[in-house]
Amino acid sequence: DDEIERERVSQHLSGGCCALAAVYLLGKFYVANAGDSRAIIIRNGEIIPMSREFTPETERQRLQFLAFLRPELLGKEFTHLEFPRRIQPKELGKKTLYRDQNMNGWAYKKIEEDDLKFPLIYGEGKKARVMATIGVTRGLGDHDLKVFSSNIHIKPFLSCFPEVRVYDLTQYEHCPDDVLVLGTDGLWDVTNDKEVAGVVMEVLTSYEPNDPCRYTMVAQELVVRSRGVLKERGWRLANDKLGSGDDISVFVIPLGGPGNYT
C-alpha cells in the first residue's frame with residue numbers, strides 16, 4: 001500500500017484494488033484477504049471457507065468507531081450513526097431507530113439536526129457504500145479517492161491489512177479432486193459456494209486424475225457460467241438471471257493427487 005502511494009507521486013498513477021493471496025509454506029496454506037474476493041477449499045465435497053468479504057456492512061462497527069473518534073474525517077457532511085432510512089427535515093424532534101459503533105441491535109433516539117446529514121454507511125448488500133462512494137473497505141491504493149464534488153478523503157476508512165487464515169495440509173489426506181478456489185467478487189456475486197463446488201466436481205470427474213489441465217478447465221467453466229450468455233436483454237445465466245457485470249478472475253489450485261505434474 002505504501003509502494004502504491006509512492007508510485008502515485010513518482011509515476012502519476014492512481015486507483016486501487018482488492019487483494020487475495022494464497023501462500024504455501026512448510027505444509028500450510030496461508031490465505032490473506034483484503035477486500036471482497038473469496039477463497040474456499042473443497043475437500044471430499046465439503047466446503048471450507050478460507051476468507052470473508054470486507055464490505056461497509058461487515059465492517060460497519062470499525063468504520064463507525066473511527067468516525068466517532070475522528071469526526072473531522074466526516075467533513076461536516078456525514079454522520080457516523082446508522083438509520084434504517086434517510087431522515088427528512090420534517091421529522092426533527094420525532095423518534096427514530098438508530099445504531100452506533102457499540103450496537104448490534106437498534107434503539108430509539110430523538111431526531112436532531114446532525115441526524116439529517118448523509119450516513120457514513122448507506123445502502124444494503126452490494127449497494128452498500130462508504131460515504132456513498134466505495135463498496136469495499138479493505139484493499140490497496142485509492143489514496144486519492146474523495147467523495148464526489150468535495151475534498152473529503154475516503155482513504156482513512158480503508159484498511160490495507162488483510163485477514164489471514166491458515167490451513168494445514170498435513171492434517172488430512174487429499175485426493176486429486178480436493179482444491180482451493182480463489183475468485184474475485186464477479187464470481188461470487190452470482191454463484192454461491194455450493195454451486196461452485198458442484199461445478200468443480202462436475203468438471204473434474206470428466207478428466208483423468210493425472211491430467212493437469214483439468215484444474216484450468218474448472219476455472220474456465222466457473223468464469224463462463226458466471227458471465228452467462230449474451231442475449232437481447234444483456235448477459236444471462238442458465239436460469240435467465242443477470243450474469244455477472246463485474247470482472248471475474250478464478251484460480252483453482254489442487255491440494256493433492258499423483259504429484260507427477262507442477
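1. Arg138 lies over the face of Phe54, 4.0 Å from the ring centre. The charged end of Arg43 likewise sits over the ring of Tyr172, at 3.7 Å from its centre. A charge sits over a ring if NZ of Lys or CZ of Arg is within 6 Å of the ring centre and within 35 degrees of the ring normal.

2. The model is predicted: local features need pLDDT of at least 70, side-chain atom pairs count only at pLDDT 80 or more, and totals for chains, interfaces and linings use all residues. Residues are numbered from 1 along each chain as its sequence is written, and side-chain values use heavy atoms, with hydrogens and water left out.

3. There are four aromatic pairs in the structure (rings of Phe, Tyr and Trp, the latter by its six-membered ring, with centres within 6.5 Å; planes under 30 degrees apart are stacked, over 60 edge-to-face, the rest tilted). Tyr24 and Phe29 make an edge-to-face pair, 5.7 Å centre to centre with 65° between the planes. Tyr24 is exposed at 52% relative accessible area, whereas Phe29 is buried at 7% (buried is under 20%, exposed over 50%, partly exposed in between, with a 1.4 Å probe and protein chains only).

4. Phe118 and Tyr122 have ring centres 5.0 Å apart and planes at 55°, so this pair is tilted. Phe118 is partly exposed at 23%, and Tyr122 is partly exposed at 37%.
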